[in-house]
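Colleague: Put the model up, please. I want to go through its pockets and its ring contacts.

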Amino acid sequence: MTAIFPIPALRDNYIWALHDDHHAAVVDPGDAAPVRDWLNANGLTLAAILCTHHHHDHVDGIRELAQVYNVPVYGPRQEYIADVTRAVGEGDFIELPFAGVRLSVLDIPGHTRGHIAYLGEDFVFCGDTLFACGCGRVFDGSLEQLHHSLRRLAALPDATRVFCTHEYTENNIRFALLCEPGNVALQARQISAQALRAEGRPTLPSTIALEKATNPFFRCDQPEIMRNVEKHLGHALSSRDEMRVFAALRAWRNTF
Ligand code: ZN
Ligand code: FE
């Protein structure tokens, strides 16, 4: 059976491992040691490495793993990552025969300008573009790209499981509650996230449905969010179109 397991790495990264009883593919190995330990502990062989963008906490473990296991390394066509052997982009497919899985590649720029996601039948590896109750910062992509990419992810089926790369959920929820204190689903999410973290468990994966109900960056059309953005700014937005609200929200989050 295919499962997706979080290997904790660095300070707050998850290296997601899609595996069966014999093989695994890992996403964004920012460190090789925890991946090797996990593979060894479970008697698994590495079959592929998938990478979403060029940041060091997503790529620094690739070289060592690729040398030990000699596997294909997939990564974004529009970014330079030294050890990528299969550059991919929008419209490409990746077969993981050991798991009976076919992934399609989506271009979701914004956090970085070539950021990609890997979409399976009912799950997505979205790197640092979408977080539980939040989204990535803009580095070498643009705010417009990030907004567009999040809208694309929001349009995936509700049941799609969302595998983000960082455990930022509790902090993101605290910010989201400033934006939308009256959101009952968000209040409930804070309680469940706190309970999971108190037991040392990941708050991930999320789902597209849960993000649509609680993630302020998916909810820029909500009057309560618009009002609180304006309250934070101390003046009315020149327009309440979604992109304007999104930009103000992202800027606010950067100072939170
Ligand atoms: Zn990043
Ligand atoms: Fe990251």
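Colleague: What volume does the second largest pocket have?

Modeller: This is a predicted model, where local features need pLDDT of at least 70 and side-chain atom pairs pLDDT 80 or more, while totals for chains, interfaces and linings use all residues. Residues are numbered from 1 along each chain, chains are lettered from A and ligands numbered from 1 as written, and side-chain values use heavy atoms without hydrogens or water. A pocket is an open set of points on a 1 Å grid where a 1.4 Å probe fits, with protein on both sides within 12 Å along at least five of seven lines; its volume is the space filled by probe spheres on points joined across faces, edges and corners. For the second largest pocket this gives about 160 Å³.

Colleague: Which helix supplies the largest share of that pocket's lining?

Modeller: Lining residues have an atom within 4 Å of a point. Here they include His147, Leu150, Arg151 and Ala154, along with Phe217 and Glu242. Helices are DSSP runs of H or I, at least four residues; strands are E, at least two. The largest share, four residues, comes from helix H4 (residues 143-154).

Colleague: And the largest pocket: which helix gives most to its lining?

Modeller: That pocket has a volume of about 340 Å³. It is lined by 18 residues, with Phe131, Gly136, Arg137, Phe139 and Tyr168 nearest its centre. Helices H2 (56-59), H5 (169-179) and H9 (242-255) each supply at least two lining residues. The largest share is three residues, and it comes from H9.

Colleague: Now the rings. How are Trp16 and Phe163 paired?

Modeller: Rings of Phe, Tyr and Trp (its six-membered ring) pair if their centres lie within 6.5 Å; planes under 30 degrees apart are stacked, over 60 edge-to-face, the rest tilted. The count comes to 11 aromatic pairs. The Trp16 and Phe163 centres are 4.8 Å apart and the planes at 75°, so the pair is edge-to-face.

Colleague: How far apart in sequence are the parts that this pair ties together?

Modeller: Trp16 lies in strand E2 (residues 13-19) and Phe163 in strand E13 (residues 161-164). The parts tied together are therefore apart in sequence by 147 residues.

Colleague: Is Phe163 buried or exposed?

Modeller: Buried means under 20% relative accessible area, exposed over 50%, partly exposed in between (1.4 Å probe, protein chains only). Phe163 has 2%. So Phe163 is buried.
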